Amino acid sequence: MSQFSDSFLDISDSIKNPYIEDWQKNGKKVVGFYCTYIPEELLHAANLLPFRIRATGTKDTDLGDIYMVRFTCSFVRATLDLALKGGYDFLDGFLVCNSCDHSRRMFELFDLKVFNREDFKKDVPRFYLALPHVITNEGFEWYRKEVEELKAELEKNYQIEEITEQNLLESIEIYNENRKLLREIHDLRISDSPKLTGSESLQINMANSSIPKDIGNKELKRILHKLKERETLNLDNKKRVLLVGSVVDNIDFTQLIENAGAFIASDCLCFGTRNYMDDVKIVNNEDPLTSITRRLYFRLSCPRMMDDHERRLDFLINEIQNAKIEGVILQRINNCDLHGCDNMLFTHELKELNIPVLNMDREFYQTDTSRLQTRIEAFLEMI
Amino acid sequence: MNNKTANNEKIIPYKMLLNALSTTKELVERILPEEGIPSLRFGLKAIESVISKYIEKANEGLPVVGYHFSLPAEYLKCFDCVPVCVEGTSYFLSAFLEGGIENYYDLMNNWGHPFHTCSSQKGSMGMTLDNLFKFDALICPTAPCDCTIASYPFFKYNEKFPLVLMDLPYLHEEKSFQYYAEQLELGLINLGKVIGQEPDFKKLKEAIEIENQVNKVKLEIFDLIKANPSPIENMFNAVSSGCTIFIPGTLENLSFYNKMLEIAKERYKKKEHYGGEETFRSIWPYMITFFSVDLLEWLDRNLGLSVLFDIFNYNFSDPINTKSDLGAMFYGMAKKGMSFPMVRQSTEFFDPFIDYCVNFAREFSADCFIYTQSIACKQFGSVPQLLREALKDEVGIPMLLIEFDAGDARMTSLKTFKDKIGIFVQTLS
């Protein structure tokens, strides 16, 4: 399959990009975050650029290893490593929630070791959101208050008189449109005559997470148009697979799968479907911040939500039907207990449904390629 | 199969545990001199007594309720049930069952449980997969770690046991205590519905009052440990963690700590150290080696190295107010639950943890810290270097880091522990 060439997709290969530079030239601020459970619309309404932290391209974790033991996630270690080398010096704010044990500890480590370096002079405000681990009405009420407090903290730290309801409504509109466009692109992928590969889809999602969303919407429309015009991919005998599990922020891994003879027709990843399947819905004159929180909290969950495995399984089963999936690749970054155990349950549940499953572990950065390739090829042959 | 036989087969691992504890206790009583390892002697007796009562209750058909160690088990005293600690069972069997429980770890690993996920759950999960546990319900706070969040759904989704969850905020603040108090109350009510019982808050109050007394005694012991030499043997740490998670809210528990306090006072008066001579004093801010608790005895006797306390023995909370209304009691219960070992450290940021470690080092005249980093405890995976730097800069003492699995000797063996600590201790002198 030929690789789709577009400057927008190139943004996904690097951390900083020209859009961020333009944004900051005008004195505007960038806030880094790790997880899709944070209210991006709120940051946008505060005229802040939410930037999803990645470690794309990082090849080792030498510096990160000093502060994080080897049993921690190599993705988070790589982001810390990059930050210690100055890769995130452009941040003007840092927002962490307790998504997982690895990333939430960045709240302290960035403060002590990244933003406290001798050569780093900027004062970077930090924000923490405590997210419940179950999906209940009480949990929602807790999280709503957390998000309200975050709003007050943003106003205070960035000297914003008020983030108004109107600001929030406008942001909701932009973000809903953004997600709608991503879903339209997704439809072009899952179709019987797909227009883009899984790797290209990943690139689009990563690029989109690193730029202002109003620009993102323009770019996505352009890409969508270009994709529609594009010839259908020749899948040859490629097997249609669903990719599930830990964060993937590098196309090296998806290309490894696709080069082995698969077509990643859909996914359940946080740089993928998990982030754009649900919209903010404003119902019964609810205030917009509550609506933003409602989407965040009740949307398709990741395994950090302890009581929602059944709904995640339902999503996989639906997606298997929608995208005519022939096999499921479950993967986790080593030391990720959350995805590891969710994948363990999926393995048995999908096998009971006679759906071919490959459950594998990997490091964040590309390593052990031959082993992975052999396992993937063997799996694809088996389908 | 009659009912008694069926009931009898619901908690086979507790029977294995009872046998293992009884055998060890018998060995201690018969082989060691009368003053030998009193904590083991009295502690095992206390745990054995409570566990045998639980087994009797299970035989009578009372519901078997699995609980996560971070739920103070005295809270389950409001039910007529058989409380079974999921994590405690794995680790105490790995400590006292001949041959350990590696076969159950392997069973679970082969089933797909990641190798890096906590063996404290893995063991009991393996036993459940092997049909040795048949829970009527499980109850679990959503803390302190990813392994808890990740592993417990197995019981619900694969084994189809009812699982009652209580959301515990990862934030150590006033609003969290209020929220968790409501979650605790709701959780107990929900558990009651599952097992067909109304919570008896009078019984709960009685159990909490016993634990309030236990807490007081523990604090006195903790204070005596400041003395040089420490009047408490290293093995106390292992046994005390067992008592804390298996038998809280019982008179047996209170009796154990009272006996240990008497011994500590006596030794303090005589300036006596259990191992002969105390050469160095260490604090283990994390866990001990449950797969081989005899390391503690070896450190006392062979190196004269005191293990002043580990994570299960320095987390104290205020007494719970039982004299006011239920709301006040649940608030106190929530505060205690959120100050429980590992939960407190997990819900706090690192700064307070490092601060109290530094203060402990000073108050207890520690010569070193030994930090055992578990393969499973990712919530602690970013702290060792920060703590090492703080101890060096602020107190001038070193910290040894050993990566291990607390319940599985195959990752870091007893010999490796002895070698590493032996060499480390040489650098202290």
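Predicted model: local features only at pLDDT ≥ 70, side-chain atom pairs only at ≥ 80, totals over all residues.
Local features need pLDDT of at least 70 and side-chain atom pairs count only at pLDDT 80 or more, while totals for chains, interfaces and linings use all residues. Residues are numbered from 1 along each chain as its sequence is written, chains are lettered from A in the order in which they are written, and side-chain values use heavy atoms, with hydrogens and water left out.

Student: Is B:Thr148 buried or exposed?

Tutor: B:Thr148 is found in helix α7 of chain B, residues 146–151, where a helix is a DSSP run of H or I with at least four residues. Buried means under 20% relative accessible area and exposed means over 50%, with partly exposed in between (1.4 Å probe, protein chains only). Because its relative accessibility is 0%, B:Thr148 counts as buried.

Student: With which side chain does the side chain of B:Thr148 make a polar contact?

Tutor: Contact means heavy atoms within 4.5 Å, and among the residues that B:Thr148 touches, not counting those up to four places away in sequence, are A:Met306, B:His68 and B:Gln121. A polar contact is a pair of N or O atoms within 3.5 Å; within protein, one must be able to donate a hydrogen and the other to accept it, and residues adjacent in sequence count only if both atoms are side-chain atoms. At 2.9 Å, the side-chain partner of B:Thr148 is B:His68.

Student: How much area do chain A and chain B bury between them?

Tutor: The contact takes 48 residues from chain A and 55 residues from chain B. In chain A, A:Phe71, A:Trp142 and A:Met306 lose the most area to chain B, together 17% of what that side buries. Buried area is the accessible area (1.4 Å probe) that two parts lose on being put together, summed over both. With 64% of it on carbon and sulfur atoms, the buried area is about 4,300 Å².

Student: How many salt bridges does the rule find across the interface of chain A and chain B?

Tutor: A salt bridge is a side-chain nitrogen of Lys or Arg within 4 Å of a carboxyl oxygen of Asp or Glu. The side chains of B:Lys378 and A:Asp337 meet in a salt bridge, at 2.9 Å from N to O. Across the interface of chain A and chain B, the number of salt bridges that the rule finds is 5.

Terms used
Helix = DSSP H or I, 4+ residues; strand = E, 2+ residues; numbered from the N terminus.
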